[in-house]
Amino acid sequence: YEKQQRHYSLNILRISHIHDFIARVVLGKGAFGTVLLVEKKGTKDIFAMKSISKDDIIKKDQLEHTKT
C-alpha cells in the first residue's frame, strides 16, 4: 500500500498546468487567493486547488507563510 501511495503522490507532483483542470466550484476566498474545487481533464479526479497572487504575496512580505 505504501508503495502505491508514494507512486500516486509522485504522479500528483507532475501536474503543473492549470489548463489540465476544469474549475467546478469556489470553495473559499482569503487574503492571499482563492481555493477551487477542480476536476482533472481525462481522469475526472477531483482536487482542491489554491490560486494565489505572487505579486500580493511579495508586496505584503508574506513569502515564508505561503511555502508548502
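Reader: Where in the chain is confidence lowest, and where is it highest?

Author: Helix α1 (residues 2-13) is lowest, with a mean of 53. Strand β1 is highest, at 94. The score is pLDDT, the predictor's confidence in each residue, from 0 to 100. Helices (H or I, at least four residues) and strands (E, at least two) are DSSP runs, numbered from the N terminus. Where pLDDT is low, predicted coordinates should not be read in detail.

Reader: What is the mean pLDDT of the chain?

Author: The mean is 76, and 66% of the residues reach 70 or more. The model is predicted, so local features need pLDDT of at least 70 and side-chain atom pairs 80 or more, while totals for chains, interfaces and linings use all residues. Numbering starts from 1 along each chain as its sequence is written, and side-chain values use heavy atoms, without hydrogens and water.

Reader: What makes Phe-21 and Phe-47 an edge-to-face pair?

Author: Rings of Phe, Tyr and Trp (its six-membered ring) pair if their centres lie within 6.5 Å; planes under 30 degrees apart are stacked, over 60 edge-to-face, the rest tilted. Here the centres are 6.1 Å apart and the planes stand at 90°, so the pair is edge-to-face. Phe-21 sits in strand β1 (residues 21-29) and Phe-47 in strand β3 (residues 46-52), 26 residues apart.

Reader: Which residues make up the largest nonpolar core?

Author: The core has 5 residues: Phe-21, Leu-36, Val-38, Phe-47 and Met-49. Such a core is a set of buried Ala, Val, Leu, Ile, Met, Phe, Trp, Tyr and Cys residues joined through side-chain atoms within 4.5 Å. Strands β2 (33-40) and β3 each give two or more residues to this core.

Reader: Why is Glu-39 called buried?

Author: Buried means under 20% relative accessible area, exposed over 50%, partly exposed in between (1.4 Å probe, protein chains only). Glu-39 has 12%, so Glu-39 is buried.

Reader: How do you know that Arg-24 and Glu-39 form a salt bridge?

Author: The rule asks for a side-chain nitrogen of Lys or Arg within 4 Å of a carboxyl oxygen of Asp or Glu. Arg-24 and Glu-39 meet at 3.1 Å, N to O. Arg-24 lies in β1 and Glu-39 in β2, so the bridge ties together parts 15 residues apart in sequence. Arg-24 has 46% relative accessibility, so Arg-24 counts as partly exposed.

Reader: What is the distance between Lys-44 and Glu-39?

Author: Their side chains meet in a salt bridge at 4.0 Å, N to O. Shared partners join Arg-24, Glu-39 and Lys-44 into one network. Lys-44 has 61% relative accessibility, so Lys-44 counts as exposed.
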